[in-house]
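Subject: Structure for you to look at

Hello,

Here is the structure we spoke about. Please open it and keep it beside this email.

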Amino acid sequence: MKKIFLSSLLVASGIFVSSGLIAQEEELTVKGNVLYSDQVNALKTPVPIINVPISVSIITDDEIARQGFQQLGDVVRYTPGVSTSQGEGHRDAIVFRGNRSTADFFQDGVRDDVQYYRSLYNVEQVEILRGPNALLFGRGGTGGVINRVSKKGVLGETFGSFSIGSNTFGAYDFVADYNISINEDRSLRIMAHRDYLNNHRSYYDGDRAGFNPTLKVQLSDNTVLDVSYEYADHERFIDRGIPTGSNGEPVEALADIVFGHPDLNTQTLTADILRATITRDISDTSKAIFSVTNNEFEKMYQNLYVAGYNATLAEVALDGYRDPTTRDNLIISANFVNELELGSATHTILFGVEVVDTDNKNFRYNTNFSNAGALPLVNDGSGIYAAGSSQAGKSDRETFSIADMRAGIFNRDEAGAAVTLDFTASLNNSTTTEFEVTSFFLQDQIDVSDNLKLLLGARYDDYEITVVNLKPGSEATVTKGEDLVSPRAGIIFKPQDNVSIYASYSNTFAPVAGEQYKAMSNNSTLNAVLDASETENTEIGLKWAISDELFLTAAYFDAERTAMTAVTVNNVAEQQAVVNQNVDGIEIELAGRISDQLELSMSYADFEGDTVSQNKEIPDYQFSAFANYQVNDKFGIGFGVTSQGDQQIGTGATPYLPSFTRVDVAAYYQIADDLMLQMNIENLTDETYFPHSHSTHQASVGEEVNANFSIRRTF
């Protein structure tokens, strides 16, 4: 690491940056050319956490490597107020303060709309912002967003690294990173990874490959161009978990069974992601950033999962689907920041424009069983139906014995009759979607004095979505357009330079088409044109830089989500606003260096929530801690604990995931200055736990005790 003076770089954040761009310099710690640890890059350009009036957690690439994280879900495990959801076994799904999302992911501040499990091989740091952030990020983000800061080329330096790792399940991975200084104005950085997946569950396997070259060009003294291309090729087995029993908990006796076919439960994805950014310092007090992102992906996933469970008969009903999707996204954004002195106050004005054009094509096929006959029980919530009921004999659901599931037998039903499955015979829907959004946002940070700062701003979004239903017999075209304004306001008081007390308010929206742009229904004119849902968030908090390397944050938040629903009044259809989620709670986080030898990150979150129509997915509490102790110059050890309270799966008291505590340990040995040997042991006590779910009867089984060994070489 090295020290540089970057006061002008802070201006473009537009979020409580230090005033006086010329007169005041602030020394910042950087690694390469990317600001490190206490700087939030997601806010258009880096800004110190202490000057951000929302809750933020940052995890650097050093921490990612030290704790053996392989994907975003691992990072989330040690973040307050955030947890994972199952994501149907094929994509990242994060729960921000009780709001499940598969879409609120960003890369270098730009929406990352590829649906997959994101790798960390090309990440400088991960930034997790809680609370709605629509002013900077647009639609969604009702509970928070995750931004990955990409590794970029470094001018004037040549360096590299590679690492190889393997675990006791039989998985292994390879990561390489090499920066080449072409000349004083150009550098090329090439990153690549390959993962071979395995875990404690039967049938589970897969592989992931990624290749990401980046080019940095110094076009002039004040203009820099960064260009990046990434190719991803992923394939994995989809595991939808196990059923819940009559007590509402996952049936632990079934934890060793995978209720999915080894050949049918699969996901494939290829993605091409191209990004280009031009950053220009117009003057000492103004900056402009222009970026273009285009990502294209083709994805297919199909799976079987438990839709009903009967303990008395030792039977399960299996359902499933096949879902191919192709998507093309083009995102163009421009941001301009300027600082003005008006009277005794300093105004930092942020103005931005963003255009999004998304084309999506999707098919959904139901399971189609050849012998879906009468099923044995009246549906009492179990999902298994009796002969004569309206659901009996449905070809998209079949009943199997637990004994056959344990043996991996799928070619006969619970009565022993032969069963075959065709995943392309029953088309549920076929849609093409075009989604266009044009956004403008304006924000003014007002430095009233050295101790008092105000924030006022709003974002205007003009969006139009057209969904074309191509299913034979149901052909229809539905178009929905809406103009929305997302306001934001905040106040921050700094009794001293290292302490800030803040309060903030923000509002964000989520279009009726949903995160996958295909949810509008042509069966009801009203349902097709319902207004977007909105989430209001208020937050008050304290941030304290106890020392240069130790930081404490504490916050109380309250979020209320209002959605529109279709109702009929006096035989006239209309829409009605319904508060379908209200969540409030506290979050506390302490992170940094306690002494020359000890680093510590510790967090606690406690929630209260009421839910009408949303899956609650809010644990009673969350606690995490990870300590790293440097025994001597060559040897270090780490110890981590994550604990989570009972977590409701649905809107009622049951079903739910029971509380658990997981212990992780690590050890590091510096063989030479450029060679590191590392061991990470996960779930040291081998506790059986269920970290997340997708819905009833789909509770994921946490990994058993597992040791990962890796070696890393730098040069």
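Predicted model: local features only at pLDDT ≥ 70, side-chain atom pairs only at ≥ 80, totals over all residues.

Residues are numbered from 1 along each chain as its sequence is written, and side-chain values use heavy atoms, with hydrogens and water left out.

The sheet comes first. It is open, has 5 strands in the order β4-β10-β11-β8-β9, and its pairing is mixed. Strands are DSSP runs of E, at least two residues, numbered from the N terminus. Two of them pair if DSSP finds at least two bridges between them. β4 (56-60) and β9 (110-111) are at the edges; each has a single partner strand, so one side of each lacks a neighbour in the sheet. β8 (residues 105-107) pairs with β9 in the antiparallel sense, over 2 bridges. Phe-106 has Arg-111 in β9 as its bridge partner.

Now the rings. The whole structure holds 15 aromatic pairs. Rings of Phe, Tyr and Trp (its six-membered ring) pair if their centres lie within 6.5 Å; planes under 30 degrees apart count as stacked, over 60 as edge-to-face and the rest as tilted. Tyr-301 and Tyr-321 have ring centres 5.8 Å apart and planes at 80°, so this pair is edge-to-face. Tyr-301 is in strand β18 (residues 286-310) and Tyr-321 in strand β19 (residues 315-342), 20 residues apart. Phe-69, Tyr-78 and Phe-626 form one aromatic cluster.

Best wishes

Definitions and conventions:
Helix = DSSP H or I, 4+ residues; strand = E, 2+ residues; numbered from the N terminus.
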